[in-house]
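Hello,

Here is the structure for your files. My notes follow below it.

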Amino acid sequence: MSTVSAAATPGTVLADAVFPARRVLARDTALVIGGAVLTGLAAQISVPVPGSPVPVTGQTFAALLVGTSLGARRGFLSLALYTLVGMAGVPWFAEGSSGAAMPSFGYVLGMLLAATVVGALARRGGDRGVLRTAGTMAVGSAVTYAVGVPYLALATHISLGEAVAAGLTPFLIGDALKATLAMGALPAAWKLVGRRG
């Protein structure tokens with residue numbers, strides 16, 4: 001299948017269009033591992049937020065990018081690998097941490113779910129236009145917070161309102177910037193794939 005026909009096929013995600021392969025298992029394995037590594041590397045871009053146990057990181061952007069680029073199944077597997085390896089002790093969560101005891105671990109679980117959701121949206125074309133990509137990123141961020149904020153409240157024994165103030169509100173501007181990056185990058189990548197074919 002040519003790149004153009006792959007790109008035009010409904011249900012195709014960016015990874016399928018860029019890396020068409022006869023050896024699908026080998027390609028998918030490499031993509032899943034690559035997505036986990038990308039997320040781990042992006043998590044090292046970390047800026048502490050005063051008054052919050054949750055830093056601003058590149059991890060959430062990477063997780064959403066992995067999900068949209070790989071699709072729901074591979075996005076889930078990639079973030080599951082990232083999560084399990086981090087729980088096993090590899091220090092590639094935010095700020096070089098590992099394990100499940102940290103208050104921000106709920107965000108890691110939220111990103112696992114978010115990568116799956118945005119991957120499913122990408123299979124329906126949620127990453128092919130600027131506005132659709134913005135909507136996809138907003139849904140992914142909402143899913144991440146829907147898991148991360150209540151987990152933060154439970155882990156730190158604070159109220160849900162305090163958890164929103166510490167684990168959601170300070171990150172909205174950064175999320176808007178990440179969504180803006182995705183709004184430019186993903187549709188542009190699709191255009192490039194279409195021209196290449």
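Is D16 buried or exposed? D16 counts as buried, because its relative accessibility is 15% (buried means under 20% relative accessible area, exposed over 50%, partly exposed in between, with a 1.4 Å probe and protein chains only). D16 sits in helix α2, residues 14-18, and its side chain makes a polar contact of 3.3 Å with the side chain of R123. A polar contact is a pair of N or O atoms within 3.5 Å; within protein, one must be able to donate a hydrogen and the other to accept it, and residues adjacent in sequence count only if both atoms are side-chain atoms.

On provenance: this is a predicted model, in which local features need pLDDT of at least 70 and side-chain atom pairs count only at pLDDT 80 or more, while totals for chains, interfaces and linings use all residues. Residues are numbered from 1 along each chain as its sequence is written, and side-chain values use heavy atoms, with hydrogens and water left out.

Now the whole chain. Nine helices and two strands are present (DSSP runs numbered from the N terminus: H or I, at least four residues, for helices; E, at least two, for strands). Their order along the sequence is α-α-α-β-β-α-α-α-α-α-α. The C-alpha trace spans about 55 × 35 × 20 Å along its principal axes.

Buried residues account for 46% of the 197 residues. Of the contacts between residues at least 6 apart in sequence, 67% join residues at least 24 apart, where contact means heavy atoms within 4.5 Å.

Regards
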